[in-house]
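Subject: Structure handover

Hello,

Here is the structure we discussed handing over. My notes on it follow below.

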Amino acid sequence: MSDLAAHADRAGIDHYCWPQHDIERQAADARPTLHYRDAQMEIHRVVVGPFDNNVFVVRCRASGDAVLIDAANEHELLLDLCAQLGVRTVLETHGHHDHIGAVPQVREAGYDVLVTAGDAHMLPSYDQILEGDSAVEVGRLRLLTTITPGHTAGSICFKVDGSPVLFTGDTLFPGGPGLTRDGFEFREGKPPPAEFPCGDFATIIRSIDELIFARNAPETIVMPGHGDDTTIGRESPHLQEWIDRGW
Ligand SMILES: [Fe+2]
């Protein structure tokens, strides 16, 4: 992994919905997909599509059951990964188009797609609604859900119960929050791209402060929807800087 501090600096300068810095593309067939492992689970990662979306597979080591987070793009690659790793279900962190490009194909292949009620209208189709403050069971694993509005109305984070891992989608990146309408306008002097309808800065800051930083230990590893991992302890001291800069 590249140096996280340097990465966070770069991300703080020029990212919004997705980080715009150089991300080394990861070809699933060129290097292993295993990204993290502990006693109860494995996490696999591939990076797909024109916006370098992270797609994660969380797999219970005891049962072999697995879930895929964000059917973003490159459906053939994702379907291979699903077949190899025992995926049964797909969870969507939010409904932006770069995170849902493979939803039709994974549904057609028989995988249920879950999305929050707040973002369900952004998908061409889905199977079930994801609730906040609940748990998605994956074998013996439990993914604890928290709806964190701001980037979109129905953005959701998943914390793996018993492991220091939090999937934040586009709500929290190294170096700050994801894209918001007014945050983008403040920074860029123009509205965000039409294909990224999004929420507001005060809401995403409240979500990050009260629902992410306040509820997760500093050592918690944050795995975002684009770019590298970070930790709660690395990001939380910078909250006021983000508020002061306005994006
Ligand atoms: Fe997004």
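Two strands are taken to pair if DSSP finds at least two bridges between them. Helices (H or I, at least four residues) and strands (E, at least two) are DSSP runs, numbered from the N terminus. This is a predicted model: local features need pLDDT of at least 70, side-chain atom pairs count only at pLDDT 80 or more, and totals for chains, interfaces and linings use all residues. Residues are numbered from 1 along each chain as its sequence is written.

Strands 14 and 15

Strand 14 and strand 15 make a hairpin with five residues between them. In the turn, Gly227 has a positive phi of about 85°. Strand 15 covers residues 230-231 and pairs with strand 14 in the antiparallel sense over two bridges; Thr230 is the bridge partner of Val222.

Strand 14 (residues 221-224) also pairs with strand 11 (residues 165-169), here in the parallel sense and over four bridges. Val165 has Ile221 as its bridge partner, and Leu166 has Val222.

The chain has seven helices and 15 strands. Of its 247 residues, 49% count as buried (20 or more other C-beta atoms within 10 Å of the residue's own; exposed means 12 or fewer, partly exposed in between; C-beta atoms are placed from the backbone). For contacts (C-beta atoms, placed from the backbone, within 7 Å) with a separation of 6 or more, 55% are between residues 24 or more positions apart.

Leaving aside neighbours within four places in sequence, Ile69 is in contact with Val55, Phe56, Val58, Leu91, Thr93, Phe158 and Phe167.

Pro237

Pro237 sits in the loop between helix 6 (232-235) and helix 7 (239-245). Pro237 counts as exposed because it has 10 C-beta neighbours inside 10 Å. Its C-alpha atom is separated by 9.7 Å from that of Phe213, 24 residues apart along the chain.

Regards

Definitions and conventions:
Contact = placed C-beta atoms within 7 Å.
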